[in-house]
Amino acid sequence: MSPPAAAMSEFSMYRATPPGTPGSPFGSGVAKRKDDNKLRPAVAASPAGYQQMGSPAFATGPNQNPPPTEEQGYFPPQPPIQQSEQDMNNLTSQMGAVGLGVDHQAPHHRKKKDRHAYHNIEGPGGSSQAFNGVPQRGDATQFLNQNTPTPGGAQWTSPQITPAMSQFPAAAPTFSPANAASPMQYAARTGEPQGGAATTMNQGRVDPEQIPSVPRSRDAPAAYYLEHVYPTMEHHLPPPALTPFVAFDQGNASPKFARLTLNNIPASADALASTHLPLGLILQPLAPQQEGEQPIPVLDFGETGPPRCRRCRAYINPFMTFRSGGNKFVCNMCTFPNDVPSEYFAPTDPSGVRVDRLQRPELTLGTVDFMVPKEYWSKEPVGLRWLFLIDVTAESCNRGFLDGFCEGIMSALYGGKDKLDGEQSTERKLPPGAKVGIVTFDKELHFYNLSAGLEQAQMLVMPDIEDPFVPLSDGLFVDPEESKAVITSLLTQLPNMFAEVKNPEPALLPVINSAVSALAATGGKVVCSLAALPTWGPGRLFLRDDGNVHNTDAEKKLFTTEHPGFRKTAQKMVESGVGIDFFLAAPSGGYLDIATIGHLSATTGGEVFYYPNFHSPRDTLKLSHEIKHTVTRDTGYQALMKVRCSNGLQVSAYHGNFYHHTFGADLEFGVIDADKAIGVMFSYDGKLDPKLDAHFQSALLYTTSGGERRVRCSNIVASVSEGAAEAMKFVDQDAVVSIIAKEAAARMTEKSLKEIRGALTEKTVDILAGYRKNFSGNNPPGQLVLPENLKEFSMYILGLIKSRAFKGGKEPSDRRAHDMRAIKAMGPLELSLYLYPRIIALHSLDEKDGFANENGHLRMPDGVRASFSKVEEGGAYIVDNGQVCLLWLHAQVSPNLLEDLFGEGHNSLKALDPFQSTLPVLETHLNAQVRNILQYLSSSRGSKAMTLQLARQGLDGAEYEFARLLYEDRNNEAQSYVDWLVHVHRHIQLELAGQRKKEDPDSTLTSMGSNFVGLRTPYWG
Ligand SMILES: [Zn+2]
């Protein structure tokens, strides 16, 4: 089976360019990679808002410090750190006869016909075959090659993506052996040896430098995609999830919305089984887009709604084909020939293409929104109603949480305290039609009439929480702009109003039930703060985790809830189209029963923001940013989701946070937002035809926050091969890791953590051994051979095993339950960061790092591996896992660096304020660099805000978190990365020798136990 032609061309490219030549991000030519890229249309717009070199802030300031020259660096050159030497010696003994080797897969020869091509990129004159499964020659062909320019043609010199351009398929780079390969052609990794997996053995030693590096796997594609678009058809291996990129929708949905684990699918279940890989799809239907991408078009077909297949109800999409002169359309899912409704008719041209095709986004784009008529409504759609439920009990008041929460709401609605006075706010934060309401609670409920005509809000107390009702019909939900004065005055006064009351115990369930009644008619979103275990009133909760069930069978019960009241309310919320986000603070580190409270969020499609040791003012900025993010991110409500796939496949499981009535029913969401992803797994109910492509369509029916009822429809296509060898070349590592992580999280309530960790280990061995057995070609038996597209897979799984959800050792059940549900909901980008943090060294920044390059793109320094052996004496590091961002400072950090970063007088670790969460704005080069880098990092993450937490060596508790996040080291009661690879390799060898026992996970773990000398990392030891 031949791969898509684009990849084929890259193959010839690889063969023409030996590994290690300039241009290879993994070879010796690293430094030159950017210069060797000949095809470099500047596409991405410059990151907005970065401070530029030469800006007044530091170009002309009187206190100007000149940029440090190399001699003046903060960090003098040092001899190699002894740590790594020791590691090497340890490794030698650990490795024994084990060798690690590169995958030298035999080059694949091009078959005579590219009959399965996604795209033929031989240029305009080249012949192109239609997608398989598209009976009419011409349609898909014309689509795919539409406007494909010759290299160097007009489109390549076009400096910007314009909306008009992205109506059409992007230009395909035409690779020929005469052109140098770009970093991404390497990074696209079609399975050819490139020197990337150079985990070599040298006289019995393993060089830790040579094992696959996660930072390297991110940096090279990130550099490439600064200058290139990702065309969704031609390159059929998406960029790594953490890589910012501009997608060109060519009819196949952007990977931001949908990622398949395999972009080439084996024809049979048996063939798939030989890979041990899951066949799954990660969907993030409302994913945020990047500047430079075409907004998702909203298409209105009036009263009839979008055309759909009569048999399987699939929505019209670019892969449906027209025949009989345009009178019939053939469904790409079930092949049923439908009549084209008269109002949708357009004739076809002689090649079978509708003449209006290019004017029809639903026939050219992979992702569109359809407006839908009344038959899709369950309620009259209205603008989203936000109901803020504010905890005003003692703990919330005393710890500054109430203050922070009120400020956060104001910031979300009006852009922050500073903008309230005088200046008119320039833009609405919520779309017109959206409304807000405010309720406070302790052991009573307080509703507020916020009507614009009032001098100030009127409070109505509802003391009867046994049987509460909503005492307001008008004035509970108001337009936030019209009632701005009333709302801001109330939110400003609330902390003082309750400072004298201070009820110790909050009631929660009756409060939520009242909120649901208030929203029953319309649906909506609840945002609720809580700072103590709700021990008052009906449905009150108890301390379930006494810390004594760790490692027992009873432990998993703590990760779920059997509370009948909370379960019933969760179901009621989904039925009413209501979802909830919680902001939970445990100021004194106390137990909150997140398993029970968070059940409401998990079931309704909401989210929990958890501040396990809330400290004001340190955490108020994070709180405020996260409330703002919750309110302003793309949010839909009253949503249903359906995933369809080609004949021969069927959905076998869903993983995520939603309500699922019965298997086969649609997934239901009270709310769904831009950050939420769902995993869908497929099984075979027959054999696929390798001559046909496999199609997938996700359809999310939802109401926008502006009050429009729509269907967000994403279409995904994959080629099909008889065997699985092709599939291995089109594995999407992030999708595989996401599916496995989501499934593991789903098992936490049924299996012990030990069993799950054991299962993750087994799965890793299965996949890598399957590859070694079936696909890797001839390698010396002692070599560990990693599939090119799964090189970092083992590290990510190790990160998962070390995550708060699954790690060994003690961990409060609140944190595990929280992280478990977070993993189920995370998109691939957020998960990638969560499983392996990005670490940036600040003491050794190049002068140009953190500023725009000649094309206006921010120049980012390379990432540092997550190991203490990489930490340099005197160093300063940013460590960001998407949930927290630490600024770790070595005890011997240069006083100059501290002053440049924090300002004059801050010349020692002790002189720093341990509770600061941002950097001051200074006129120094380093300060501007770091603020720019932080801004970049804050633009590429999930739902959690980016604020700094100081971790000063020897001074701050956050240092423990720093050590925990060094996932390549031995920590979290699990092995180091190198030891882990050795362990996995040993089991692969046993499998190959037919001697592997599928031991029960417990004994696997026990046998590994001897490696667990203790919790102490090399760093602490
Ligand atoms: Zn159909």
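Asp593 is buried, with a relative accessible area of 2%. That places Asp593 under the 20% limit for a buried residue. Its backbone deserves a look as well: phi of Asp593 is near 55°, a positive value in a residue other than glycine. In the chain, Asp593 sits in the loop between strand S19 (578–585) and helix H15 (594–604). Please keep in mind, here and below, that this is a predicted model.

You will find His276 in the loop between helix H8 (269–273) and strand S8 (280–283). Is His276 buried or partly exposed? With a relative accessible area of 31%, His276 is partly exposed.

The peptide bond that runs from Ser616 to Pro617 is cis, and its omega is near 5°. Pro617 belongs to the loop between strand S20 (608–611) and helix H16 (620–632).

In soluble globular proteins, nonpolar side chains tend to be buried together. Here, the largest nonpolar core has 104 residues, and Phe696 and Phe806 touch the most other members. Helix H19 (residues 753–774) gives the most to this core, contributing eight residues. There is also a second, separate core of 41 residues, which includes Leu450, Phe498, Leu623 and Tyr637.

To see what surrounds Phe696, leave out residues up to four places away in sequence. Its contacts then include the nonpolar residues Leu260, Ile265, Leu281, Met333, Cys645, Leu649, Phe682 and Ile716. Phe696 also touches Arg644, Ser714 and Asn715.

Which residues make the nonpolar surface patch of about 220 Å²? Met459, Val461 and Met497 make this patch. Met459 lies in strand S17, which covers residues 458–462. Because its relative accessibility is 36%, Met459 counts as partly exposed.

## Around Asn338

Asn338 is part of strand S12 (residues 337–339). At 3% relative accessibility, Asn338 counts as buried. A polar atom of the Asn338 side chain lies 3.2 Å from the backbone oxygen of Phe336.

Setting aside residues up to four places away in sequence, Asn338 touches Arg308, Cys309, Arg310 and Arg311, among others. Its contacts also include Asn327, Lys328, Phe329 and Cys331.

## Salt bridges

Side chains of opposite charge can pair when their charged atoms come close. How many salt bridges does the structure hold? The structure holds 44. One of the pairs joins the side chains of Asp356 and Arg360, at 2.8 Å from N to O. Asp356 counts as buried at 15% relative accessibility, whereas Arg360 is partly exposed with a relative accessible area of 22%. The side chains of Lys807 and Glu811 meet in a salt bridge too, at 3.1 Å from N to O. Lys807 counts as buried at 7% relative accessibility, and Glu811 is buried with a relative accessible area of 14%.

Asp880 and Arg838 pair through their side chains in a further salt bridge (3.0 Å, N to O). Asp880 lies in strand S30 (residues 876–880) and Arg838 in strand S29 (residues 838–841), so this pair ties together parts that are 42 residues apart in sequence. Both Asp880 and Arg838 are buried. Elsewhere, salt bridges that share partners join Lys525, Asp581, Glu607, Arg633, Asp673, Asp675, Lys676 and Lys944 into one network.

Arg216 and Arg865 are 649 residues apart in sequence, while in space they are 8.7 Å apart from C-alpha to C-alpha. Arg216 lies in helix H7, which spans residues 214–227. With 33% relative accessibility, Arg216 counts as partly exposed.

Note on methods: Residues numbered from 1 in each chain as written. Predicted model: local features only at pLDDT ≥ 70, side-chain atom pairs only at ≥ 80, totals over all residues. Heavy atoms only, no water. Core = buried A, V, L, I, M, F, W, Y, C linked by side-chain atoms within 4.5 Å. Buried < 20%, exposed > 50% of the residue type's maximum accessible area, 1.4 Å probe, protein only. Helix = DSSP H or I, 4+ residues; strand = E, 2+ residues; numbered from the N terminus. Contact = heavy atoms within 4.5 Å. Patch = residues over 30% accessible without salt bridge, like charges linked within 9 Å, V, L, I, M, F, W, Y side chains within 5 Å. Areas by Shrake-Rupley, 256 points an atom, 1.4 Å probe, with all protein chains shown as cover. Salt bridge = Lys/Arg side-chain N within 4 Å of Asp/Glu carboxyl O. Polar contact = N/O pair within 3.5 Å; in protein donor to acceptor, adjacent residues only side chain to side chain.
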